[in-house]
Amino acid sequence: MRSIILLITLTCLLLSGCVEKEILDDLYLETGKAYDYVSQNRIRGTAVFPIYLPDKTIKNGFLSEEASSTREVIEKIERRAQQPLVRGALDVVLIGEKLSEKGIIDIADSLQRDASVGARVFLIITEGEASDVLTGNYGNRGNGIYIYNLIEHNISKRELPETNLHLFLYDYYQQGQSSYLPILRKTSDESIAISGIALLSYDKVVAKIPDEDMFFFKIMVDRIAEGSHVIKMGKNPNKPEKNIEASVTSLHSKQKIRIDRKADPVKVDVEISIRGIIKEYTGDTLGAKQMAAVENRMKADIENKCNTMIKSFQELGIDPLGIGQYQKHGVRGFDIKEWKKDIYPKADIKVKAKVKILEAGTVE
């Protein structure tokens, strides 16, 4: 028995001695990457990685190269790096505005084929060049982690719908579903902000949802945790110089899509239910009557804004709600070409909202 234990111990020691050791300080952990359009057959890639200084602070390191493909960009950057460049810590990939209009599937495909890159990497479209957004100086933990935390926070607590590399590719390869990605804007050398949502036809950006309308888009495509919407209630009868506004935070929302496939044109009802609380109210009193008025106004806002959005989606030939998926699963011999060309653009799609205010907070 002792001889067996000794043999196992010696074997483990020998095997562990064969593993190449890598010290974090001797690696460049790539946390972010930016891609920009240069010319018809040329793109520029920029990598960011944290450099750990002796005083325990972190500064951003950058390397940039141009090539005809993402793979060649990576190889060129690695040849310039004085330490091994590791992609296993990659959190965000930024794609410049001009490149996003040309097509981004080559970048997404190269990421999914790299076993060291996780499926939860965030793909992000930028206003202007992605390298300009990436090469700022944000936070104290490095730009890649800062941008990742910004996107993660706005998904879980604000109005950005859930998104990542896996979800983008899933939507891209689905028939009857269009993909969407967040948009980042650089506001200064030390600050960036989410400025909207990019809408894609296949892999090309064709339209954008501005930041003030992100709430309405999210409640159509995603479950919302803590999105907020300011409702304008009109003039204060007691103080005509002031407007009454109510800030409603949504605690929960859900949507159902019902299709009448026998109707001509096809009839689609998108039912949205929201439960929320009034965080702020600028009127004099906030009783049952005022809360009912807020519910009705918010219901009208949702229906008007969402119906207008869907009309624009039909005109653009995109389907971020995935209505085509619902149609596909209920029709034998579903023809995606016929759906996109003849049925979806003419479909009678209506959003109906239900709003329930659970409680009220501050009254100013």
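## The β8–β9 hairpin

Strands β8 and β9 are joined by a hairpin through 2 residues. (Strands here are DSSP runs of E with at least two residues, helices are runs of H or I with at least four, and both are numbered from the N terminus.) This comes from a predicted model, where local features need pLDDT of at least 70, side-chain atom pairs count only at pLDDT 80 or more, and totals for chains, interfaces and linings use all residues. Residues are numbered from 1 along each chain as its sequence is written, and side-chain values use heavy atoms, leaving out hydrogens and water.

β8 (residues 180-188) runs antiparallel to β9, with 8 bridges joining them; two strands pair if DSSP finds at least two bridges between them. Look for S188, whose bridge partner in β9 is S191.

## On to β10

On its other pairing, β9 meets β10 in the antiparallel sense over 6 bridges. Here I197 stands opposite I209 in β10. This hairpin also has 2 residues between its strands, and Y202 takes a positive phi near 60° there.

How much of β9 is buried? For β9 (residues 191-201), 8 of the 11 residues are buried, so the strand is largely enclosed by the rest of the structure. (Buried means under 20% relative accessible area, exposed over 50%, and partly exposed in between, using a 1.4 Å probe and protein chains only.)

## The whole sheet

Now zoom out: the open sheet has 8 strands in the order β4-β3-β2-β6-β7-β8-β9-β10, with mixed pairing. β4 (58-67) and β10 (204-210) stand at the edges with a single partner strand each, so one side of each has no neighbour in the sheet. On average, neighbouring strands are turned by 30° against each other, direction ignored.

For a parallel pair, check β6 (residues 92-95) and β7 (residues 122-126), which share 4 bridges. L94 has I124 in β7 as its bridge partner. Helix α4 (residues 105-112) packs on the sheet and touches β2 (32-39), β6 and β7. Contact means heavy atoms within 4.5 Å.

## Two crossing helices

Helix α8 (residues 214-221) packs against helix α9 (residues 288-316) at about 80°, with the axes 10 Å apart. That makes α8 roughly perpendicular to α9, a label for angles of 65 to 115 degrees. Axes are lines fitted to C-alpha atoms, for helices over the stretch in contact, and angles run from 0 to 180 degrees between N-to-C directions.

Among the residues that meet are F215 and F216 in α8 and M298 and F313 in α9.

Methods
Parallel < 35°, antiparallel > 145°, perpendicular 65-115°, else oblique.
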